[in-house]
Amino acid sequence: RRLNVALAQRVQELNRYRSDFFGRLREILSDRENIRIVGDRFVFQSEVLFPPGGETINEAGQDEMKKLADAIIELQKEIPPEINWVLRVDGHTDNRPLSGTGRYADNWELSSARATSVVKYLIANGVPANRLVAAGFGEFQPLDTAETDEARSKNRRIELKLTER
């Protein structure tokens, strides 16, 4: 019972820091039209960060990721060291199959490569590697299931979520 109470307190503490963390990030990033806040996640549209079918962060995306890295470095100082947190970077694609003749055989590979690219960029800009996780979801977690270009565009994204390790 004491263990459950202690665990609940830790979760509540992380939630408080998550709220502060995302509140501060919201202040820093909220004026960007291609960044949305969906629940407890920041969503960057892939077109802001990457060329079609590619994983190399473009110049505009580098500017956004540099601001994010600076904010993470600053905000992590406020989270007590005993809270075991990570920032999960999730890559998502639309449901159009890749040709299989390019660098990536399928959307799993592309979404994973994009998430990894963001993580490596954040590390190169000072974010501690032990505080980052890259995950690829392919096309299997769409925000919009409609078969339209607009829906597909919404589904091509990078999501950031502060969570426990």
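Q: What is Glu-55 in contact with, leaving aside its neighbours within four places in sequence?
A: Contact means heavy atoms within 4.5 Å, and on that basis Glu-55 is in contact with Phe-50, Arg-103, Tyr-104, Ala-113, Arg-114 and Ser-117. This is a predicted model, in which local features need pLDDT of at least 70 and side-chain atom pairs count only at pLDDT 80 or more, while totals for chains, interfaces and linings use all residues. Residues are numbered from 1 along each chain as its sequence is written, and side-chain values use heavy atoms, with hydrogens and water left out.

Q: Why is Glu-55 called buried?
A: Glu-55, which lies in the loop between H2 and helix H3 (59-76), has a relative accessible area of 14%; because buried means under 20% (exposed is over 50%, partly exposed in between, with a 1.4 Å probe and protein chains only), Glu-55 counts as buried.

Q: What makes the pairing of the Glu-55 and Tyr-104 side chains a polar contact?
A: The two side chains come to 2.9 Å, and a polar contact is a pair of N or O atoms within 3.5 Å, one able to donate a hydrogen and the other to accept it, with residues adjacent in sequence counted only if both atoms are side-chain atoms.

Q: How do you know that the span of H3 agrees with its number of residues?
A: H3 is a helix, here a DSSP run (H or I) of at least four residues, and its expected span is 1.5 Å times one less than its number of residues; for 18 residues this should be 26 Å, and the end C-alpha atoms are 26 Å apart, so the two agree.

Notes:
Helices (H or I, at least four residues) and strands (E, at least two) are DSSP runs, numbered from the N terminus.
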